[in-house]
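Work through the exercises below. Try each task before you read its solution.

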Amino acid sequence: MKIRTLNVNRFSGMKQPKKEKGVWVWHTDRLDELKDCPKAVSIIESVKNFLGEEPDGVVVLQEIPYCGKWDEVKHCLWQNNKERRLYKNFRQAFPEEQYNLSQPGKIAYSCTLAIWNKGRWKEQKDISDVFHKGTASNKVSALIHIETNLKLLGIHAPKDMSFLYNVRKYAEKYKEEMLIIIGDFNIATNEWRLKEMEEDREFLERRRWLLEDRKEIGYSIVSDTERPTNLINSETIDHVLVSPALAKKTSADVKDDLELSDHAVIIADIDIKE
């Protein structure tokens, strides 16, 4: 069984946001239409190809454009609770009779989505005690494999410790089961980055959480902590964590040659056969 993760940051052409008159605005060079976003079209095709080869596979995508009002005059995106056409078109690209997609929680510019072949997985509904609505629900996708009860948590971690504490709480709850945590942790594990950030307490706390604290509950990192996954600044910020039950059954590979995003694709391969 293979699970794939990719941060699709700015796949619709969005640039970094700026605050204008107290409101965060996303400026872009492209309209809010799927046909105008070649990266999005390539990502959809890549997802379908992957799931066609992996019947029990899952693809976790971070930073899918979600809500906002498109201004045709100013060519910018203003935040509101309306789903963007781009988001609706993206979901429509995966017909319900063939695929399942997770449902995002909090209204936000972007969300984390999981996509899988219909009937193979189901969404885990009992996570509100950990990832409650309003703070983290649009940053995670939690699934259960129907046949094996394998649990998957796909994440896009903000740069604060509260989210990571919630991830640990979730991991502790299921440490005796088969659980894989995969996605964009926003934690650079490269040694060169540590030397640059050795005076940054927040960075050091988050890095220690990933590299040291998770050992206390028996979790292992099975992805390469030095091979870059952020292809712009050469940081390794996308990772794969597994519970003790999967430590010897899971491997991970970085695919940095697909040119689908400014992040590399990571594919976790799990052998769950007895």
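**Exercise 1.** Find the charge that sits over the ring of Phe-94.

Solution. The charged end of Lys-48 sits over this ring, 5.6 Å from the centre. The test asks for NZ of Lys or CZ of Arg within 6 Å of the ring centre and within 35 degrees of the ring normal.

This is a predicted model: local features need pLDDT of at least 70, side-chain atom pairs count only at pLDDT 80 or more, and totals for chains, interfaces and linings use all residues. Residues are numbered from 1 along each chain as its sequence is written, and side-chain values use heavy atoms, with hydrogens and water left out.

**Exercise 2.** Classify the ring pair Phe-94 and Tyr-99.

Solution. Start with the rule: rings of Phe, Tyr and Trp (its six-membered ring) pair if their centres lie within 6.5 Å; planes under 30 degrees apart are stacked, over 60 edge-to-face, the rest tilted. The whole structure holds 5 aromatic pairs. In the pair Phe-94 and Tyr-99, the centres are 5.3 Å apart and the planes stand at 90°, so the pair is edge-to-face. Next, widen the view: Phe-90, Phe-94 and Tyr-99 form one aromatic cluster.

**Exercise 3.** Are Phe-94 and Tyr-99 buried or exposed?

Solution. Buried means under 20% relative accessible area, exposed over 50%, partly exposed in between (1.4 Å probe, protein chains only). Phe-94 has 2% relative accessibility, so Phe-94 is buried. Tyr-99 has 7%, so Tyr-99 is buried.
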